[in-house]
Amino acid sequence: MPLPSYARPSLLFRRPLLRNTFLTLGALATWAPMVVFFNDNVAQLMWVSGPSMYPFLNTDYNSTTRKDVVFVNMWAPWKGLKRGMIVALWSPYHPENMIVKRIVALEGDEVVTRRPYPIESAVVPVGHVWVEGEHPEDRKTLDSNTYGPVAKSLIVGQVKAVVWPWSKIGVIRWEDYRGNPRVLKAKHTFDEYQPHA
């Protein structure tokens, strides 16, 4: 006597290859949202290309195609920003690209600008930072001297460590940044100011 249709194993479970494939895809599908959330909101690895951050990052940019890989902390990236921090942000010129720059001035600071900025000095407005590349040649970096102060909302993460190449692996010590002589620091930044009740 044949089994009723509800009691027969489905075709899917009679073939082990199909069953295993289905189960594997199902398991991966459940983890995909977690991976996307982690990469968008917690942390990610980022490849740094080009000479903009030379000599601090990509020290071999002119002799090899190897790129530095950095660890970017993306949890509340605009909180606790300090002069000297290296950040990842959306490019104001090419919004589809993320770039890596150093914060040299905070809101309220006055910056003596470099070429091609149209005026000699600029005050960083509230909710913005002034970012620059490390390269000593002006034409090798697109930074705030090209596009002006950058809104903090464009910052997606703080660069915390170099993870590749092995010879440079380690935590980025932005605290050692000595400051920029072209920046006149404000007495208080907007984040530090809290009116008395």
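Trainee: What does "buried" mean here, in terms of relative accessible area?
Mentor: Buried means under 20% relative accessible area, exposed means over 50%, and partly exposed is in between. Keep in mind that this is a predicted model.

Trainee: OK, so which are Glu107 and Lys152, buried or exposed?
Mentor: Both Glu107 and Lys152 are buried. They also form a salt bridge with each other, with the closest N and O atoms 3.5 Å apart.

Trainee: What about Ser153, buried or exposed?
Mentor: Ser153 counts as exposed because its relative accessibility is 64%. Ser153 is in the loop between strand 8 (150-151) and strand 9 (155-164).

Trainee: Let's zoom out. How many helices and strands does the chain have?
Mentor: Three helices and eleven strands. From the N terminus the order goes α-α-β-β-β-β-β-β-β-α-β-β-β-β. Of the 197 residues in the chain, 34% are buried.

Trainee: Back to charges. How many salt bridges turn up in the whole structure?
Mentor: A search of the whole structure gives eight. One of them joins Arg83 to Asp109, with the closest N and O atoms at 2.8 Å. Arg83 is in the loop between strand 2 (68-73) and strand 3 (86-90), while Asp109 is in the loop between strand 4 (98-105) and strand 5, so that pair ties together parts 26 residues apart in sequence.

Trainee: Which residues are linked in a network of salt bridges?
Mentor: Arg114, Glu132, Asp143 and Arg182. Within it, Arg182 and Glu132 have their closest N and O atoms 2.6 Å apart. That pair links distant parts of the chain: Arg182 is in the loop between strand 10 (170-171) and strand 11 (183-184), Glu132 is in strand 7, and they are 50 residues apart.

Trainee: Why does Arg182 count as buried?
Mentor: Because its relative accessibility is 18%, and the cut-off for buried is under 20%. Glu132 is buried as well, with a relative accessible area of 3%.

Trainee: Switching to aromatics, how many pairs are there?
Mentor: Three in the whole structure. Among them, Tyr117 and Trp130 pair edge-to-face, 5.3 Å centre to centre with 75° between the planes. Tyr117 is in the loop between strand 5 (110-112) and strand 6 (121-123), and Trp130 is in strand 7 (residues 128-132), 13 residues away. Tyr117 and Trp130 are both buried.

Trainee: Last topic, helix 2. Where is its kink?
Mentor: At Trp31, shortly before the proline Pro33, and the kink is about 30°.

Trainee: How does the span of helix 2 compare with what you'd expect?
Mentor: It agrees: 26 residues at 1.5 Å a residue should span 38 Å, and the end C-alpha atoms are 38 Å apart.

Trainee: And which residues make the nonpolar surface patch?
Mentor: Trp31, Met34 and Val35 make it, and the patch is about 350 Å². Met34 is in helix 2, which covers residues 16-41.

Definitions and conventions
Residues numbered from 1 in each chain as written. Predicted model: local features only at pLDDT ≥ 70, side-chain atom pairs only at ≥ 80, totals over all residues. Heavy atoms only, no water. Patch = residues over 30% accessible without salt bridge, like charges linked within 9 Å, V, L, I, M, F, W, Y side chains within 5 Å. Areas by Shrake-Rupley, 256 points an atom, 1.4 Å probe, with all protein chains shown as cover. Salt bridge = Lys/Arg side-chain N within 4 Å of Asp/Glu carboxyl O. Helix = DSSP H or I, 4+ residues; strand = E, 2+ residues; numbered from the N terminus. Phe/Tyr/Trp six-rings, centres within 6.5 Å; stacked < 30°, edge-to-face > 60°. Buried < 20%, exposed > 50% of the residue type's maximum accessible area, 1.4 Å probe, protein only. Expected span 1.5 Å × (residues − 1). Bend = angle between axes of the 7 residues up to and from the residue.
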